[in-house]
Amino acid sequence: MAALNVKISDGLELKNPVMTASGTFGYGIEFADFVPLDGIGGIIVKGTTLNPREGNDYPRMAETAHGMLNCVGLQNKGADYFCEYIYPQIKHIDTNMIVNVSGSSPDDYAECASRIDTLEGIPAIELNISCPNVKDGGMAFGVTCEGAASVVRAVRRRYGKTLIVKLSPNVTNIADIARACEAEGADSVSLINTLMGMSIDIERRSSRLSIGTGGLSGPAVKPVALRMVWQVAKAVDIPVIGLGGISNATDAIEFIMAGATAIEIGTANFVDPAVTIKVRDGINEWLDNHGCASVTEIIGALK
């Protein structure tokens, strides 16, 4: 059996490169009846903000031909609720439990991160910089180098553990933004977040989503995600975590060969709650069949 462990930072080593994407796996405990949670390399729990958020009005999900659109709007009960009520339920799960952190200003991100930093059983956070900057007309932090850098800088000052930054694909040059995050102290970048999309009900003559647009995920985004991971992996010296349309082991291996040290599985969890373990086992089988002693041998192995 090949070695599947990979290292994201000095403080974050995964037993295998398969992780779950935020917003698609709840807090992990919801999937305990379907999959052994300790067999997953890392679980990134749903987005957490400093203060509670109700999220957007319904409808906020719509199926597409090869994926789905969502505009959930970061519904959650806030950082304090997470620390007091959710953390005690997940801290003993034998894998890396990682919190996805969102905010509306650099100070919001930093304060939320600092509260998570106090939790011994949480070794890392993943910053969602696709959130709108309320002080800058609603433009997402992650679409400019300056915006991304401002969030990472603020969080790095107050957060001492592994810092992963989740990049938006809705940009002109994602490699530049990745470099800006690296320069401000990010330990890793994960990509891609959802692509902006839309679906229209022609009988009702209205959007199928309450706010008009939403984030596209699923197999349809995979070629775009794969290209961006390949670009970013060549541009930075920190580990890259790849996600976007991964549904099976072949997809995952493609991302690893493109330069990803680890991968996240998102929408596919809704189709098959056990997909993470199947992908883990599929990666191992491929490595054994190709005479590889470790998954690290194929990271960035694209010719």
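This is a predicted model: local features need pLDDT of at least 70, side-chain atom pairs count only at pLDDT 80 or more; totals for chains, interfaces and linings use all residues.
View 1. Residues are numbered from 1 along each chain as its sequence is written, and side-chain values use heavy atoms, with hydrogens and water left out. Strands β5 (residues 61-64) and β6 (residues 67-70) pair in the antiparallel sense over four bridges, and the two form a hairpin with two residues between them. Pairing here takes at least two DSSP bridges between the strands; strands are DSSP E runs of at least two residues and helices H or I runs of at least four, numbered from the N terminus.

**View 2. β6 also pairs with β14.** Strand β14 (residues 214-217) lines up with β6 in the antiparallel sense, over three bridges. Look for L69, whose bridge partner in β14 is L216.

**View 3. Eight strands make a closed barrel.** The order is β3-β4-β7-β8-β9-β10-β15-β16, with parallel pairing. From one strand to the next, the twist averages 25°. Helix α1 (residues 79-90) packs on the sheet, touching β4 (42-48) and β7 (96-101), and its direction makes about 155° with that of β4. Axes are lines fitted to C-alpha atoms, for helices over the stretch in contact, and angles run from 0 to 180 degrees between N-to-C directions. Contact means heavy atoms within 4.5 Å.

**View 4. β8 and β9 sit side by side in parallel pairing.** Strand β8 (residues 124-128) and strand β9 (residues 162-166) share five bridges. I125 has L163 as its bridge partner in β9.

**View 5. L127 and I283 have the most contacts inside the largest nonpolar core.** That core has 97 residues; it is a set of buried Ala, Val, Leu, Ile, Met, Phe, Trp, Tyr and Cys residues joined through side-chain atoms within 4.5 Å. Buried means under 20% relative accessible area (1.4 Å probe, protein chains only). Leaving aside neighbours within four places in sequence, L127 is in contact with residues including V101, Y109, V151 and L163.

**View 6. Y27, K46, Q75, N76 and K77 lie nearest the centre of the second largest pocket.** In all, 13 residues line this pocket. β4 and α1 are the elements that give two or more residues to the lining, and α1 brings the largest share, three residues. On a 1 Å grid over the protein atoms alone, a pocket is an open set of points where a 1.4 Å probe fits, with protein on both sides within 12 Å along at least five of seven lines; lining residues have an atom within 4 Å of a point.

Technical notes:
Buried means under 20% relative accessible area, exposed over 50%, partly exposed in between (1.4 Å probe, protein chains only).
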